[in-house]
Amino acid sequence: MSEPILIETGSTGRVAYARIGPNEDLVLGIEKICLARGFKNAFVRGAVGSLTDACLGTPDGKYLHVTGPAVELTNLTGEVRATDDGAVRAVLSGVVADTDGEVYGGPFIAGANPVCVTLEVTLEEWLPTG
Amino acid sequence: MRLQLQPGANLYESIAVPLAACGIKSASMTLLGGYYREFNFVVAPPDPEGGAVIAFGPPIPTGHSYMVFGNATLGTSTEGAPLVHCHATIRTERGELRGGHVLPDLCTVGDAPIFAHVTSHETFAVHQVFDKETNFPALQPYEEKNHE
């Protein structure tokens, strides 16, 4: 018997645009923006910026390190969700390009993706029904 | 809003001109996939002179390319002109996947229109300012009471 399909209904709320500065972490920085703006849940709507180095997860539980500087962020997708303890957790994946323009993709490891020059990010608040 | 990038136009003009006509000075956008007649980007290795953490290299031409996806921010440059900060992943004319900092004025939209999903920022403005920490200009959001 197959699992039921779960759909979370809701609506979008406020839009936040912010700059994450040098040496701040990409994942933790987005969580901080949500906490500062009072977003419990949010979608990442886009980002432009660079990382000093990038650290991406791999299927075998290891890490792929992409060395900069700067590693350019060319795509970012993901969401921020409220946790039971009142905090928020960002789960992000994307594509980065190294200093030769070679591209790599995967999930960003929290605490291991420091911003280089700047990172501009746009978030949209998600308000689940009920 | 959904913006149509015009065939034959350069990427900068095809974003900045119609949005300016709508009174939009600051926005975030996703560029959907599409072909470009010409495409140029740069990468950011360390600054060999040590003046800043990085220094953009020379333009890398990739010919008739396909942009797989891209993100861009529209803001205002230090000179007061529209500024498009864009990063993208592309497939080059040689079939290689590459990515980096796009040079919008050196990219020409191909024969078919390309679409962009635009979120305009109406309660604040995005301005380019010189960042003393990195010795590099960067876009920053600012509250602006009279922002159009």
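Me: Is Gly38(A) buried or exposed?
Reply: Gly38(A) sits in the loop between α1 (26-37) and β2 (42-51) of chain A; helices (H or I, at least four residues) and strands (E, at least two) are DSSP runs numbered from the N terminus. A residue is buried with 20 or more other C-beta atoms within 10 Å of its own, exposed with 12 or fewer, partly exposed in between, the C-beta atoms being placed from the backbone. Gly38(A) has 10 C-beta neighbours inside 10 Å, so the label is exposed.

Me: What do I need to know about numbering and confidence?
Reply: Residues count from 1 along each chain as its sequence is written, while chains are lettered from A and ligands numbered from 1 in the order written. The model is predicted, so local features need pLDDT of at least 70, side-chain atom pairs count only at pLDDT 80 or more, and totals for chains, interfaces and linings use all residues.

Me: How far apart in space are Gly38(A) and Leu64(A)?
Reply: In sequence they're 26 residues apart. In space, going C-alpha to C-alpha, the separation is 33 Å.

Me: What is the strand order in the open sheet of chain A?
Reply: Strands pair if DSSP finds at least two bridges between them. Here six strands pair antiparallel, and the edge strands, each pairing on one side only, are β1 and β7 (103-107) of chain A. The order is β1-β8-β2-β5-β6-β7.

Me: Which residue is the bridge partner of Thr12(A) in β8(A)?
Reply: β1(A) and β8(A) run antiparallel, with nine bridges between them. In β8(A), the residue paired with Thr12(A) is Trp126(A).

Me: How many residues does each chain give to the contact?
Reply: Residues are in contact if their C-beta atoms, placed from the backbone, lie within 7 Å. On the chain A side, elements giving two or more residues include β1 (10-20) and β8 (115-128) of chain A. The totals are 27 residues from chain A and 33 residues from chain B.

Me: Over in chain B, how many bridges join β2 (27-31) to β10(B)?
Reply: β10 (114-120) of chain B also pairs antiparallel with β1 (2-5) of chain B, over four bridges, where Gln4(B) partners Phe115(B). With β2(B) the sense is antiparallel too, and Ala27(B) partners Ser120(B). The bridge count for β2(B) and β10(B) is five.

Definitions and conventions
Contact = placed C-beta atoms within 7 Å.
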